[in-house]
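Here are my quick notes on this one, as promised. Have the viewer open while you read.

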Amino acid sequence: MKVLVVGGNGATGKQLIEQLIQKGLTVRAIVRKTAKLPQNWLNAENIDLVYRNILEIDQNELAAHLKDCQAIALTLGHNLTLKGIFGQPAKLVTQALSNLIKAAEKNAVPMKIVLMNTAGNRNPDMDKGLSFNEKLATAIIRVLLPPHSDNEQAAEFLRSQIGSKHKNINWVIVRPDSLIDSDAVTGYKAYPSPTRSAIFNPGKVSRINVGHFMASLISDEHLWIKWMGQMPVLYNS
Ligand SMILES: NC(=O)c1ccc[n+]([C@@H]2O[C@H](COP(=O)([O-])OP(=O)(O)OC[C@H]3O[C@@H](n4cnc5c(N)ncnc54)[C@H](OP(=O)(O)O)[C@@H]3O)[C@@H](O)[C@H]2O)c1
């Protein structure tokens, strides 16, 4: 099974790719030319590196990159610089997701999509309502941190536009709470909805655990069926 990964050179993306490889899958990673990559990836037989900016690839080329892939994993995120947070592309994640889905639709073969999102984003189908203070804080975050709106819109695109009845596209939106670094996979748990306030009482989850969960969703059919069309929230145990 081959997985197309975007954002694979990021802190979580690297962990995801290592987990995919450990599970015996192969990876096609679309990374920018400037990406710093682990040395052992450069000549790895199970990692095919495409040095392109995901938003500069046209539909035909994207469809060709997806031809032999059965899954797409997105761990993209805005760089934490003034340009990354307030500059263009403001809709990096939403635009990349939408382009990839159009290309997958062109190929008309079944495709699993796993989108890395955030516990700070709500699933209106499942999550309980926010308190007044949480609503207010979320509105302020949307203004001060435009990447949050991008994450919200990307998830909403899958939830309401692609939905659960698409002929070929199935998806899971993974919502980690605050990310931390760790060297090894440890205990973690996925919940259908947040069990604590992502703003006022956030939990933690390691990037390697997020990578492990995303790779397990793709490789383990039982886990996929359990979470398909949902937005699991992850916390370290
Ligand atoms: N921090 C938290 O606690 C937290 C919690 C939950 C969810 N999240 C979400 O998870 C995301 C990923 O986290 P992370 O720590 O793994 O992020 P990261 O290390 O910053 O990785 C971001 C990835 O996106 C790519 N990227 C950024 N701007 C791009 C552009 N304009 N065009 C193409 N690619 C671009 C980066 O590639 P380059 O190296 O080429 O820039 C990198 O591969 C966050 O951005 C956030 O949305 C964060």
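Predicted model: local features only at pLDDT ≥ 70, side-chain atom pairs only at ≥ 80, totals over all residues.

1. Leaving out residues up to four places away in sequence, A73 touches V3, V5, L16, V114, M214 and I218.

2. A73 also turns up in the largest nonpolar core, which has 55 residues. A73 is listed there with I72, L74, V114, L115, V174 and M214 as the residues with the most contacts inside that core.

3. Now the ligand. There are 27 residues around it, and G10, A11, T12, G77 and T118 come nearest. By type, the shell splits into 15 polar, 10 nonpolar and 2 charged residues.

4. Which elements each supply at least two residues of that shell? They are α1 (11–22), α6 (146–162) and β7 (178–180). The largest share comes from α1, with 3 residues.

5. Last, have a look at L25, in the loop between α1 and β2 (26–31). L25 counts as partly exposed because it has 18 C-beta neighbours inside 10 Å, and buried would take 20 or more.

6. What does L25 touch, not counting residues up to four places away in sequence? The list is M1, V3, L20, I218 and S219.

Conventions
Residues numbered from 1 in each chain as written. Near = placed C-beta within 6 Å. Helix = DSSP H or I, 4+ residues; strand = E, 2+ residues; numbered from the N terminus. Nonpolar A, V, L, I, M, F, W, Y, C, P; charged D, E, K, R; others polar. Core = buried A, V, L, I, M, F, W, Y, C linked by C-beta atoms within 7 Å. Buried ≥ 20, exposed ≤ 12 C-beta atoms within 10 Å, placed from the backbone. Contact = placed C-beta atoms within 7 Å.
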